[in-house]
Amino acid sequence: MTTAPLDKSVPLSKPLLSHTAVFWIGFCVVMAILIAAPLALPEFWRRFLTEILIWGLLAMSSDLLIGYTGMVSFGHSAFFGLGMYGAAGALLIHSPPNLWLALLFGLAGAAGAALFVAYFSTRLRDIYFAITTLIFSQIFYVIIFTWTPVTGGENGLIFTRPHLSIPFLYDARFTSTTMHWFVLAVVTASYLFLRRLTQSPFGMVLQSIRENEARTRAIGFAVKRYKIVSVLLSGLFAGLAGVLYAIQNQFAAPDFVYFITSGDTVIFNVMGGVGTLVGPIVGAGFFQLMRELLSRLFGDQFPYLIPLGAVFIVMIIFLPQGLLGFARRWLNR
Amino acid sequence: MDAISHFFHAIPFDLIVIQTVNGIVTGLILALVASGLTLIFGILDVVNFAHGELFMLGAYVGALVVASTGSFWLGLLASAIIVAIFGAALQIVTLRPLIGRDPLNTILVTFGISLILQNYALWQFGPIERKIPEPIEAHFQLFYLQYPWYRVLIAALSAAIIGGFWLYLKYGKFGVWIRATSQDRIMAQAMGIPVPWVFTGVFAMGSAMAAASGVLFGPLGGVSHTMGLDWVLKAFIVVVVGGMGNLGGSIAAAIFISLLEAYAAIWLDPSQAVIVSFVVLILTLLFRPTGLFVATPK
């Protein structure tokens with residue numbers, strides 16, 4: 001697990017394009033495809049692509065912990081769910097429903113959950129961390145599931161979608177195309193922010209915690225504080241994904257706070273490749289496409305998780321770097 | 001004085017006795033599940049996420065055998081043996097290639113296994129709960145309740161399996177190998193102990209313990225494909241509270257937490273009583289992160 005690009009040796013022949021140029025050209029090509037996609041795709045696949053982006057954002061937030069700080073979280077459903085329920089609360093309380101208020105409430109909810117989880121579970125490392133995050137997410141699930149007067153219990157909450165509004169400038173109903181563009185904008189901004197963050201001195205400290213925690217502490221970094229902040233940031237982006245999912249589907253349900261969502265998040269990460277930020281999005285896309293393909297081939301009742309689980313296990317044993325693992329060094333430069 | 005006597009009158013003593021018995025019964029089943037989990041963790045360094053699914057699988061195998069032969073004890077035995085063989089196969093195919101890698105890989109692989117098993121059970125057996133009939137139908141009088149002897153029998157059986165296992169670890173040849181491997185893997189190998197097979201054997205034994213507890217629990221709560229996650233979560237809490245890899249601590253923690261949950265269920269809804277064990281976990285993490293039932297590390 002070596003990623004730190006400290007190799008300063010200059011190649012003998014200068015390549016035609018610098019690494020930065022290649023990266024941004026690739027970035028623009030992918031962005032152009034994603035921007036144009038909803039215009040070409042039929043309604044079903046348009047929504048499908050938007051959902052992949054949302055799941056990708058959730059998985060990307062978890063990659064900050066798994067791939068950079070070196071802590072596997074099995075509790076991201078709590079942050080995702082709190083984001084969802086926060087947004088639902090804002091949309092139900094305030095009328096007319098306001099998009100930005102939903103974002104604010106969702107992020108506040110996720111931040112609260114993340115602070116709670118971060119404070120307690122960063123006391124433990126490795127597998128202990130993984131287990132405690134799982135148990136904490138289950139606490140939130142039990143609370144949401146049983147507190148029926150506020151959360152709607154088993155049935156969840158249903159609300160209307162807010163308008164896509166920029167104060168004083170623009171106000172219109174969401175269509176599936178503008179929804180896609182909005183999600184794409186948020187996901188892209190999150191990616192650029194997280195990429196910048198992981199390359200900053202702060203991100204370097206996180207990666208050094210992953211490589212050798214004792215040494216990082218010995219150098220003089222307050223490891224625990226860095227860990228808490230990374231869990232908090234990761235939770236915030238997971239909450240953002242929850243808000244987007246709530247707005248896209250116009251409901252908040254306890255099923256999404258359940259452990260299955262956390263498990264899926266980990267699967268997306270492992271399939272796509274941890275420590276790449278874009279890998280998890282690719283993993284989410286791969287997973288959802290396989291799932292759709294399997295249920296189209298064999299019918300809705302087909303237990304698609306059996307073959308996908310087998311693929312997952314085989315990938316951990318033979319391809320632990322994931323689909324984008326080969327590009328990991330290059331993407332982090 | 002009046003307030004104090006009123007307080008003591010408000011405690012329903014009969015309920016407390018009943019819940020104590022209930023708590024010890026579930027606590028001993030939980031101890032059986034958790035000691036398999038602790039054993040696998042302590043010796044293989046594997047957090048077995050699929051442990052709950054082995055529990056569930058054991059319950060299904062038991063239910064099928066009991067339904068076809070009519071004998072509960074045959075079901076218990078067959079389920080333990082079949083799931084042990086299955087567990088050994090799982091360990092050889094999926095966990096052996098991971099020896100020497102980051103332990104986090106094992107939690108991911110066993111998570112994948114649990115997904116497959118859970119969905120297989122749903123697909124194969126359907127969403128309807130099954131029941132294993134109780135082998136003994138006699139009851140005894142406990143205050144106003146007809147308390148089934150079967151529950152007492154489960155508790156005794158769980159305790160007997162754990163005790164027998166402990167004796168085996170202490171005096172059996174394979175048990176000595178297991179302890180040697182857990183103390184120093186490389187030295188054990190140098191002394192001629194077939195360490196990879198010790199791993200497989202331990203995983204098989206842990207699986208058998210999970211399966212046996214699944215069959216024992218079957219008559220109490222019904223057999224469904226989702227029962228695994230509830231139990232594995234509880235077992236994880238127990239293992240963290242008892243101190244990872246510490247067999248005695250896990251057993252004590254299992255009974256402690258089950259008793260607390262049983263008492264909480266007097267005043268709370270059972271689905272909310274789970275929160276009590278979460279609170280115990282949080283307090284443990286705050287004040288004794290190495291475990292509640294282990295000596296303070298120096």
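**Helix H3 of chain A**

I call a residue buried if 20 or more other C-beta atoms, placed from the backbone, lie within 10 Å of its own, exposed if 12 or fewer do, and partly exposed in between. Helices are DSSP runs of H or I with at least four residues, numbered from the N terminus. I then checked the length of H3(A), residues 76–93: at 1.5 Å a residue its span should be 26 Å, and its end C-alpha atoms are 26 Å apart, which agrees. The expected span is 1.5 Å times one less than the number of residues.

**Conventions and confidence**

I number residues from 1 along each chain as its sequence is written, and chains are lettered from A and ligands numbered from 1 in the order in which they are written. As the model is predicted, local features need pLDDT of at least 70 and side-chain atom pairs count only at pLDDT 80 or more, whereas totals for chains, interfaces and linings use all residues. For chain A I noted a mean pLDDT (the predictor's confidence in each residue, from 0 to 100) of 85, with 95% of its residues at 70 or more.

**Leu240(A)**

I found Leu240(A) in helix H10 of chain A. Leu240(A) is buried, with 26 other C-beta atoms within 10 Å. Leaving aside residues up to four places away in sequence, Leu240(A) touches Leu57(A), Gly83(A), Leu107(A), Val186(A) and Ser190(A); contact requires C-beta atoms, placed from the backbone, within 7 Å. Leu57(A) is 183 residues away along the chain, yet the two C-alpha atoms are separated by 8.2 Å.

**Contact between chains A and B**

I recorded 34 residues from chain B and 29 residues from chain A in the contact. On the side of chain B, H5 (103–125), H10 (227–242) and H12 (270–287) each supply at least two residues. H5(B) gives the largest share, 15 residues. That side divides into 28 nonpolar, six polar and no charged residues. Nonpolar covers Ala, Val, Leu, Ile, Met, Phe, Trp, Tyr, Cys and Pro; charged covers Asp, Glu, Lys and Arg; the others, Gly among them, are polar.

**H4(B) against H9(B)**

I found H4(B), residues 72–95, packed on H9(B), residues 195–221, at about 145°, with the axes 7 Å apart. The contact residues divide into 15 nonpolar, seven polar and no charged. Axes are lines fitted to C-alpha atoms, for helices over the stretch in contact, and angles run from 0 to 180 degrees between N-to-C directions.

How values were computed. Contact = placed C-beta atoms within 7 Å.
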